[in-house]
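Here is a short tour of one protein model. Keep the picture open as you read.

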Amino acid sequence: MLRRMSFQRAGDIGEWIGGLGYAPLGVRRPVVERQVRAAFPGLAEPEVLRIARESYKHLGRTTIETAILPSYSREEVLALFDEVTGWDVMERALASGRGVMVVSGHLGNWELGGSYLAARGLPMEAVARRMQNPLFDRYLTETRGRLGVTVIHDADAVRRVPRAIKEGHAVGFLIDQGAVGLASTWVPFFGRYAKTPRGPAVFTLRMNVPLVFAIAVRRETGTFAMHLEEVPVERTGDREADVDGIVAAYTNTLERWVRRYPEQYFWHHRRWKHQRPGTPPELGDPS
């Protein structure tokens, strides 16, 4: 039924559903509001509540958009974007012939961002965690495949990412969810230490490939803007320090964009939940 509707209309229904998650259902509402307060200390409470409420609406809209995207053609995906900045960064990265690492976060519509890159002709693969629900995991993997994005589950990343890079592909990572057992480091995110995947930094250094940050954000017109920028990579000879520096660089880039579009961020995930022992309370999870 949703596929019969316009992209805008289907998204409107998703926004309404998402709003119900905030009120009256209150799904993870204390988590969302607490994290917005922590990220923006001193922000007036009405504004905190507005950002939290809008983030639910945005998540609902994004979910429905992702569900109907597989029925869209390449041309229809491209038509959803009316602004692209930094494409020359991607062109230079691809011109190296060494493949490219692409990092992003749960901001805007990250699934649409990946499908846009694929629609522009990039052979796109993406590293993702396997979902606990096998039915949903299969659905999401198949959906991404129909959008032109091949999924690499994180357990297979060590083997499959180097192969993809050697074949000149783009490999995407979402870098703002730290999980138990995932190689990570702690870097500042909105002034608090956040456990952050280090895989993109390790592969970038080990395979000497360009690293690009990409984000697809929603515009007030209902269309999208794609922004790309190069992530600085420094090589000092100290591999561990260099990895930490790159992780901090792409986390800082994401934070900068979240500050511009806080209503479009996935505040529902407890970003600061996993902490090293001894972390001062003011730098850890705002629980």
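An open sheet is built from 7 strands in the order 1-9-8-2-5-3-4, with mixed pairing. Strand 1 (81-85) and strand 4 are the edge strands, each pairing on one side only. From one strand to the next, the twist averages 25°. Strands (E, at least two residues) and helices (H or I, at least four) are DSSP runs, numbered from the N terminus. Two strands pair if DSSP finds at least two bridges between them.

This is a predicted model: local features need pLDDT of at least 70, side-chain atom pairs count only at pLDDT 80 or more, and totals for chains, interfaces and linings use all residues. Residues are numbered from 1 along each chain as its sequence is written, and side-chain values use heavy atoms, leaving out hydrogens and water.

## Two strand pairs

Strand 8 (residues 211-218) and strand 9 (residues 224-230) run antiparallel, joined by 7 bridges. Here Ala214 stands opposite Leu228 in strand 9.

Strand 3 (residues 124-128) pairs with strand 4 in the parallel sense, over 5 bridges. Val127 stands opposite Ile152 in strand 4. Together with helix 7 (residues 134-146), strands 3 and 4 make a right-handed β-α-β unit. Right-handed means that, with the strands pointing away from the viewer, the path from the first strand over the helix to the second runs clockwise. Why is strand 4 (residues 149-153) largely enclosed by the rest of the structure? Because 4 of its 5 residues are buried. Buried means under 20% relative accessible area (1.4 Å probe, protein chains only).

## Helix 2

Which residues of helix 2 (residues 29-39) are buried? They are Val31, Val32, Glu33, Gln35, Val36, Ala38 and Ala39. These buried residues pack against helix 1 (7-22), helix 3, strand 7 (192-197) and helix 10 (239-260). Contact means heavy atoms within 4.5 Å.

The structure holds 2 cavities of 30 Å³ or more. A cavity is a set of points on a 1 Å grid over the protein atoms alone, where a 1.4 Å probe fits but cannot get out; lining residues have an atom within 4 Å of a point. Grid points are joined across faces, edges and corners, and a volume is the space filled by probe spheres set on the points.

The largest cavity has about 40 Å³ of space. Its lining includes Ser55, His58, Trp110 and Phe266. Helix 3 gives the largest share of that lining, 3 residues.

How values were computed: Buried means under 20% relative accessible area, exposed over 50%, partly exposed in between (1.4 Å probe, protein chains only). Axes are lines fitted to C-alpha atoms, for helices over the stretch in contact, and angles run from 0 to 180 degrees between N-to-C directions. On a 1 Å grid over the protein atoms alone, a cavity is a set of points where a 1.4 Å probe fits but cannot get out, and a pocket is an open set with protein on both sides within 12 Å along at least five of seven lines; lining residues have an atom within 4 Å of a point.
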